[in-house]
Amino acid sequence: MAPRVLFTTVYKNDDEPYDYIGTNSRSRWFRFYWPRIQSFGLRFLKQNIPELEILEYPTWEEYLRKLDEGWDVVGFSFYLNETHEILEMVEAARARGINELWAGNYGALTPEIQDRFDRVFVGYAEHQVAPYFGRRIEKVIHPPLIEYLSTPFGLKLNIYGILFTTRGCGVGCKFCQTPCFAPKPTPIPLESIERVVNYYKKNNINVVIIEDENFGANRKHADRVVEILDEYDMVWGCMARADYLREKIEEWVSMRRRVARRDGSARRMVSGFAGAAIGIENLHQERLDDIKKREGVEDIVETIKLLQSHGMGTVGYYMIGFEDDTVRSIDEDIKRVAGLKLDITQICVLTPLPQTQLWNEIQERYGIFDHDYHHFDGKHLVWNHPHISPKEMEEVLDRSLKRVYPWTTPLRTSARVWRNAYRYAGLQGLKEVFSYITRANSFDFETKVPRLLV
């Protein structure tokens, strides 16, 4: 008889899901809304090991009721700032006589809590978990991952499929946990990628967001992924390094302008590359060099401007609170960031994370005073900064987010989307974009059973 295994995320504190964008906006009404409604990691596990059961963002009561069904193993997938809630869930599971508890995802990298679990998985765990069920995974199958972009008014603006083409990153930035979690980029098989893209297409989902930490880490593989997306007439965007994007932007834009596929058949004009997310991190070269970013500031800025010159969407990730930062210097730097006029700007306070080089350096030089893991979310100062107090950092972060994300930003982004639709496909393009709204608001995102490929 197969063992009974439950994998769960953290429980929800309230009815509102975590919002990827909301933490970076200080406007209640003039912003986009991107809720986290599923666990990508657990969906991959369930797709590849169907015997296990998953529970995503339950209430505390739902979690307790699930425990009472009886399990041989309960596993927890979580992030560092969710640690305290996970430990509550661990206590509840122990109290109900569940003897074997597992931990995974980035939250499981924290050495101080690892002894609370019977087994800790580091990295993407399909191959590690499968033998427990007598399985061996030859090729990872990509599950359907369908999400939406919404507004604070409840009107959904778009529906899209999430796509991972490789998992892991080999760059080795010293602030990042991935060098410990998954230091070698591992490609998802192309046949698996095409299979899930075909699923999206059959379900009338024409937009794909590539969530790789570093799309293009495997150049040949990435080129073939782009061809697959083009063959299926997908609108798509990715997160990638500026040096790779500079090589590819003109090529991808020219593909978007083509009226026929490679086989000569007509293609939808509202399709192709639509934009990218870039880790800017900072606008001082010495800081990029120190964190081992391995990119130039001016190259990053030029790549952003090149994307914008073609009407492409831009998302940027930026960090404040380096050791030589002051309140005044951050205010000056943020003026320049705001001048980039990105569609979305994520600003994070420099935060040392367990098992990173940054953690070791900051602990040794300055000390980490805050051990409330809720504050290790990129929005709090948790170490003894030489020039800025935690209160000052809170104020400068709030001021920075207001500056880079004024109320006009979502209006400007929306105008660009509609303008591009008309530019590439005229009235038909406008109808296509409007249809995204209709599809998003009629799609059932709250299915009781996760969507899987069969």
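Phe-7, Trp-102, Phe-121, Tyr-132 and Phe-133 are linked into a cluster by ring pairs. This is a predicted model. Its aromatic pairs come to 28.

Take Trp-34 and Tyr-160. Their ring centres are 5.7 Å apart and their planes stand at 90°, so the pair is edge-to-face. The pair joins distant parts of the chain. Trp-34 sits in the loop between β1 (5-8) and α1 (40-48), while Tyr-160 belongs to strand β7 (residues 156-163), 126 residues apart. Both residues are buried.

Trp-60 and Tyr-63 make a tilted pair, because their planes meet at 45°, with centres 5.8 Å apart. Both lie in helix α2 (residues 60-67), three residues apart, about one turn of the helix. Trp-60 is partly exposed at 25% relative accessibility. Tyr-63 is buried at 0%.

Charged side chains also meet rings. Lys-156 lies over the face of Tyr-148, 4.8 Å from the ring centre. Arg-256 lies over the face of Tyr-424, at 4.4 Å from the ring centre.

Now the cysteines. The disulfide count is zero. For Cys-173, the nearest cysteine sulfur is that of Cys-176, 6.5 Å away; a disulfide needs the sulfurs within 2.5 Å. Cys-173 is buried, at 10% relative accessibility. Cys-180 is partly exposed, at 26%.

Finally, the surface. Trp-29, Phe-30, Phe-153, Trp-407 and Leu-411 make a nonpolar patch of about 580 Å². Leu-411 lies in helix α14 (residues 408-442). Its relative accessible area is 45%, so Leu-411 counts as partly exposed.

Methods:
Residues numbered from 1 in each chain as written. Predicted model: local features only at pLDDT ≥ 70, side-chain atom pairs only at ≥ 80, totals over all residues. Heavy atoms only, no water. Patch = residues over 30% accessible without salt bridge, like charges linked within 9 Å, V, L, I, M, F, W, Y side chains within 5 Å. Areas by Shrake-Rupley, 256 points an atom, 1.4 Å probe, with all protein chains shown as cover. Salt bridge = Lys/Arg side-chain N within 4 Å of Asp/Glu carboxyl O. Helix = DSSP H or I, 4+ residues; strand = E, 2+ residues; numbered from the N terminus. Buried < 20%, exposed > 50% of the residue type's maximum accessible area, 1.4 Å probe, protein only. Phe/Tyr/Trp six-rings, centres within 6.5 Å; stacked < 30°, edge-to-face > 60°. Lys NZ or Arg CZ within 6 Å of the ring centre and 35° of its normal.
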